[in-house]
Amino acid sequence: QRATSEHLIRLREVADAAAAPEVAPEELLRLDFEFYVALTQASGNRVFGLLINTTRSAVLASAPFFAQLLAPDVVRKHHRELIKAIETRDADAAARIADQHLSRGRDVLASFAPK
């Protein structure tokens with residue numbers, strides 16, 4: 001709801017870079033993270049901004065591990081769907097799309113946990 005045209009431009013730039021077929025898995029991970037940084041900035045939510053900045057170094061330091069978990073087509077589709085929801089100011093859809101994506105990531109990580 002708070003996204004400006006400049007925020008949308010940045011989100012599209014990151015999504016376009018992530019959509020390039022030659023993007024390596026670790027670069028896709030970095031771009032997905034940067035997409036969420038841009039999303040955080042668009043939200044104006046300072047707490048979310050602090051959280052994402054706190055996790056940045058840990059996620060990027062573990063890029064080889066996290067990159068192997070990415071499904072490139074899923075990430076790219078997620079970016080486009082989220083941008084569309086933001087463009088139409090559909091906060092409920094945007095929240096649902098983001099939550100589904102993050103929940104998928106949580107489930108993939110949980111599958112690596114010892115049973």
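Where does Phe 112 lie relative to α6? I found Phe 112 in the segment after α6 (91-110); helices here are DSSP runs of H or I with at least four residues, numbered from the N terminus.

A note on the source: this is a predicted model, in which local features need pLDDT of at least 70 and side-chain atom pairs count only at pLDDT 80 or more, while totals for chains, interfaces and linings use all residues. Residues are numbered from 1 along each chain as its sequence is written, and side-chain values use heavy atoms, with hydrogens and water left out.

Phe 112 is partly exposed, because its relative accessible area is 48% (buried is under 20%, exposed over 50%, partly exposed in between, with a 1.4 Å probe and protein chains only).

Back in α6, I looked up His 101. His 101 is buried at 10% relative accessible area. Leaving out residues up to four places away in sequence, His 101 touches Asp 32, Tyr 36, Val 75 and His 78 (contact means heavy atoms within 4.5 Å).

Then I moved to α2, residues 25-43, where Thr 40 is found. Thr 40 is buried too, with a relative accessible area of 5%. With residues up to four places away in sequence not counted, Thr 40 touches Asn 45, Phe 48, Gly 49 and Ile 52.

What comes after α2? I found Gly 44 there, with a positive phi near 75°.

Conventions: Helices (H or I, at least four residues) and strands (E, at least two) are DSSP runs, numbered from the N terminus.
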